[in-house]
Amino acid sequence: MQHYEAGTLAGIGSFRCDSCGFAISLKQRDEVPSCPSCNGESFRRQALFEEVETPAPQPEREQPDWLAEARDALVAAGEYLAFEEDSRTRVVALQEGWTRVGRSLSANVRIDDPTVSRRHALVYCGEDGDKVLDDRSLNGVFRNGKQVDLAPLEDGDVIAVGRFTLHYLVLAGDRSAVARLR
């Protein structure tokens with residue numbers, strides 16, 4: 001893996017993917033990950049006041065094999081975030097109101113990774129619809145490949161948070177009665 005050890009503060013700061021412009025933030029001696037947007041391996045230091053165009057939306061990716069299995073395992077109606085972390089599938093039930101996503105210990109959905117800000121995103125579930133909000137993250141929040149500040153969510157939406165891909169799932173009916181019949 002590549003390490004950045006040059007600059008004003010060695011390895012600290014924001015970097016942009018040379019291929020698609022996706023931004024990441026690194027601390028000293030962090031390994032540079034592959035780009036979460038295009039899997040590129042080449043990054044350059046982001047100038048503090050440089051204007052950068054928002055990367056073009058990436059083509060829709062195929063759903064991972066584990067996602068159908070995770071959806072089938074849901075039994076209670078509600079909203080969920082599903083993602084893979086350390087080769088394990090995590091499915092988190094969302095509560096009504098705001099759910100914090102980030103690296104902070106106070107996050108409801110905690111992702112301990114340097115590409116994820118402490119306060120990266122907020123997911124809102126309520127009667128007026130579900131939404132995702134960028135919570136002043138350094139790398140941005142992407143819904144279905146497009147960078148967003150605030151965007152509505154629908155079943156099947158893909159939310160990129162750092163190098164992680166979160167899948168927003170909605171189970172409308174209660175499967176517990178069906179499960180008891182099997």
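# A tour of the strands, ring pairs and pocket

Begin with the open sheet of five strands, whose order is β7-β6-β8-β9-β12 and whose pairing is mixed. The strands named here are DSSP runs of E with at least two residues, numbered from the N terminus, and two of them count as paired if DSSP finds at least two bridges between them. Strands of a sheet pair through backbone hydrogen bonds, either parallel or antiparallel. At the edges, select β7 (109-110) and β12 (150-152), each of which pairs on one side only.

Before going further, note that this is a predicted model, in which local features need pLDDT of at least 70 and side-chain atom pairs count only at pLDDT 80 or more, while totals for chains, interfaces and linings use all residues. Residues are numbered from 1 along each chain as its sequence is written, and side-chain values use heavy atoms, with hydrogens and water left out.

**Inside the open sheet**

Select β8 together with strand β9 (residues 131-134): these two run antiparallel and are joined by four bridges. Within this pairing, L122 stands opposite L133 in β9.

**The aromatic pairs**

Now show the rings of Phe, Tyr and Trp (for Trp, its six-membered ring), which pair if their centres lie within 6.5 Å, with planes under 30 degrees apart counted as stacked, over 60 as edge-to-face and the rest as tilted. By this rule there are two aromatic pairs. One is formed by F83 and F164, an edge-to-face arrangement with 6.4 Å from centre to centre and 90° between the planes. F83 belongs to strand β4 (residues 78-85) and F164 to strand β14 (residues 164-171), so this pair ties together parts that are 81 residues apart in sequence. Both F83 and F164 are buried, where buried means under 20% relative accessible area, exposed means over 50% and partly exposed lies in between, for a 1.4 Å probe and protein chains only.

W98 and Y124 form a tilted pair, with 4.9 Å from centre to centre and 50° between the planes. This pair also links distant parts of the chain, since W98 sits in strand β6 (residues 97-102) and Y124 in strand β8 (residues 121-125), 26 residues apart. W98 is partly exposed, with a relative accessible area of 49%.

**Strand β14 and its partners**

Return to β14 and colour it by accessibility: six of its eight residues are buried, so the strand is largely enclosed by the rest of the structure. On which strands does β14 pair in the antiparallel sense? β4 pairs with β14 over five bridges, and Y80 stands opposite L169 in β14. Strand β13 (residues 158-161) runs antiparallel to β14 and is joined to it by four bridges, with V158 opposite H167 in β14. In the hairpin of β13 and β14, two residues lie between the strands, and G162 takes a positive phi near 60°.

**Two loop residues with positive phi**

Next, select S87, which has a positive phi of about 65° although it is not a glycine. S87 lies in the loop between β4 and β5 (88-94) and is exposed, with a relative accessible area of 73%. N144 likewise is not a glycine, yet has a positive phi of about 55°. The place of N144 is the loop between β10 (141-143) and β11 (146-148), and N144 is partly exposed at a relative accessible area of 39%.

From there, move to K146 in strand β11, which counts as exposed at 53% relative accessibility. The C-alpha atoms of K146 and S37 are separated by 10.0 Å, although these residues are 109 apart along the chain.

**The cysteines**

Is C125 buried or exposed? C125 is buried, with a relative accessible area of 2%, whereas C38 is partly exposed at 28%. The structure holds zero disulfides, a disulfide being a pair of cysteine sulfur atoms within 2.5 Å.

**The second largest pocket**

Finally, display the second largest pocket, which has a volume of about 150 Å³. On a 1 Å grid over the protein atoms alone, a pocket is an open set of points where a 1.4 Å probe fits, with protein on both sides within 12 Å along at least five of seven lines, and lining residues have an atom within 4 Å of a point. Grid points are joined across faces, edges and corners, and the volume is the space filled by probe spheres set on the points. Of the 11 residues that line this pocket, those closest to its centre are S25, R103, P114, S117 and L138. By class, the lining has three nonpolar, four polar and four charged residues, where Ala, Val, Leu, Ile, Met, Phe, Trp, Tyr, Cys and Pro count as nonpolar, Asp, Glu, Lys and Arg as charged, and the others, Gly among them, as polar.
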